[in-house]
Amino acid sequence: MTHKLRAEYGPQGPAGGVRSWHVVRDEDPSTALCGRTMPDDAETRPEQEWGTGLRCCQQCGSLYMHETPHLQGSHPYS
């Protein structure tokens, strides 16, 4: 399963900047993992940007970690 990040904007819309980033499944880019409906025109970024310092939805992040395969070789104590 692949994912993308979608932007949630504040009351000023895109002009006010991104309030939070949500994770969506590629199969349903209009619904975040946390259940929030994402607007069609929300900025989209690749899932590789999750965890790089963007302000992300905590619930989406937790669910994303459960859906993302764990790579044994990437952790020294695995």
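Glu8 has Ser20, a residue of strand 2, as its bridge partner. In this predicted model, the pairing to which that bridge belongs joins strand 1 and strand 2 in the antiparallel sense and extends over seven bridges. Strand 1, which spans residues 3–9, is mostly covered, with six of its seven residues buried. Strand 1 also runs antiparallel to strand 4, to which it is joined by three bridges; within strand 4, Thr44 is the bridge partner of Arg6.

Strand 2, comprising residues 18–25, pairs in turn with strand 3, residues 28–32, again in the antiparallel sense but over two bridges. These two strands, strand 2 and strand 3, form a hairpin in which two residues lie between them, and Val24 is placed opposite Ala32 of strand 3.

Attention then turns to Cys57, which is located in the loop that connects strand 4 (44–46) with helix 1 (58–67). Cys57 counts as buried because its relative accessibility is 15%, whereas the cut-off for a buried residue is under 20%. When neighbours within four places in sequence are left aside, the residues in contact with Cys57 are Ser20, Trp21, His22 and Cys34. For one of these contacts, that with Ser20, the separation in sequence is 37 residues, while the C-alpha to C-alpha distance in space is 6.0 Å.

Notes. Residues are numbered from 1 along each chain as its sequence is written. This is a predicted model: local features need pLDDT of at least 70, side-chain atom pairs count only at pLDDT 80 or more; totals for chains, interfaces and linings use all residues. Side-chain values use heavy atoms; hydrogens and water are left out. Two strands pair if DSSP finds at least two bridges between them. Helices (H or I, at least four residues) and strands (E, at least two) are DSSP runs, numbered from the N terminus. Buried means under 20% relative accessible area, exposed over 50%, partly exposed in between (1.4 Å probe, protein chains only). Contact means heavy atoms within 4.5 Å.
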